[in-house]
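Visitor: I have a structure to look at and I'm new to this. Can we go through part of it together?

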Amino acid sequence: MISYIKGILEDMSPGMVVVDNHGIGYQMMVPMRGESFPKIGQEIKIYTHMHVREDDVSLFGFLSKEEKEAFELLIGVNGIGPKVGLSVLSTLSVYELKMAVISEDVKTISKTPGLGPKGAKKLILELKDKLKAEQSELDKEKLEEAKLQSVKVNENVQEATSGL
């Protein structure tokens with residue numbers, strides 16, 4: 001498994017990039033959003049997902065870990081393959097996708113080429129609980145962080161007032 005590739009961006013076209021890493025050019029399919037890829041000739045780090053089938057080995061590349069994780073969630077849905085998963089991330093940002101799934105917004109998700117209302121409903125059904133669990137974990141982490149900051153503030157206040 002290749003987690004990421006760091007190298008020089010050699011070529012770029014809609015939906016595809018080639019990254020040179022020590023003389024080997026890795027071609028990857030990427031979402032076609034307006035993300036800020038560096039210019040050709042500049043260094044880039046792309047998080048990858050390798051998809052292996054009996055007749056094909058493909059690399060899919062993402063500028064962030066969050067985007068890669070969203071892609072892997074998408075292709076985990078029965079009936080959603082890597083091309084449709086990439087199409088979803090070309091249509092919606094990770095945040096827009098999560099909000100659409102949590103709010104059960106079939107209309108927004110079905111704007112994706114290759115994914116109709118029926119597929120959007122299935123995607124929502126299979127991902128909603130996973131995304132809610134992920135969100136509650138993030139909320140717990142933020143709550144713990146806020147508690148720690150509150151304790152530090154209280155300690156600082158006590159030190160300041162005891163010095164008076």
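Predicted model: local features only at pLDDT ≥ 70, side-chain atom pairs only at ≥ 80, totals over all residues.

Visitor: Where does Ala100 lie?

Guide: Ala100 is part of helix H3, residues 94–102. Helices (H or I, at least four residues) and strands (E, at least two) are DSSP runs, numbered from the N terminus.

Visitor: Is Ala100 buried or exposed?

Guide: Ala100 counts as buried, because its relative accessibility is 3%. Buried means under 20% relative accessible area, exposed over 50%, and partly exposed in between (1.4 Å probe, protein chains only).

Visitor: What is Ala100 in contact with, leaving aside neighbours within four places in sequence?

Guide: Asp105, Thr108, Ile109 and Ile124. Contact means heavy atoms within 4.5 Å.

Visitor: Which residues of H3 are buried?

Guide: Val94, Leu97, Ala100 and Val101. They line one face of the helix, because they fall within an arc of 130 degrees seen down the axis of H3. The arc is that of the directions from the helix axis to the C-beta atoms.

Visitor: Now H2. How many of its residues are buried?

Guide: Eight of the 10 residues of H2 (residues 82–91) are buried, so this helix is largely enclosed by the rest of the structure.

Visitor: What do they pack against?

Guide: The buried residues of H2 pack against strands E3 (24–29), E4 (43–53) and E5 (56–62), and against helices H1 (65–75) and H3.

Methods. Residues numbered from 1 in each chain as written. Heavy atoms only, no water.
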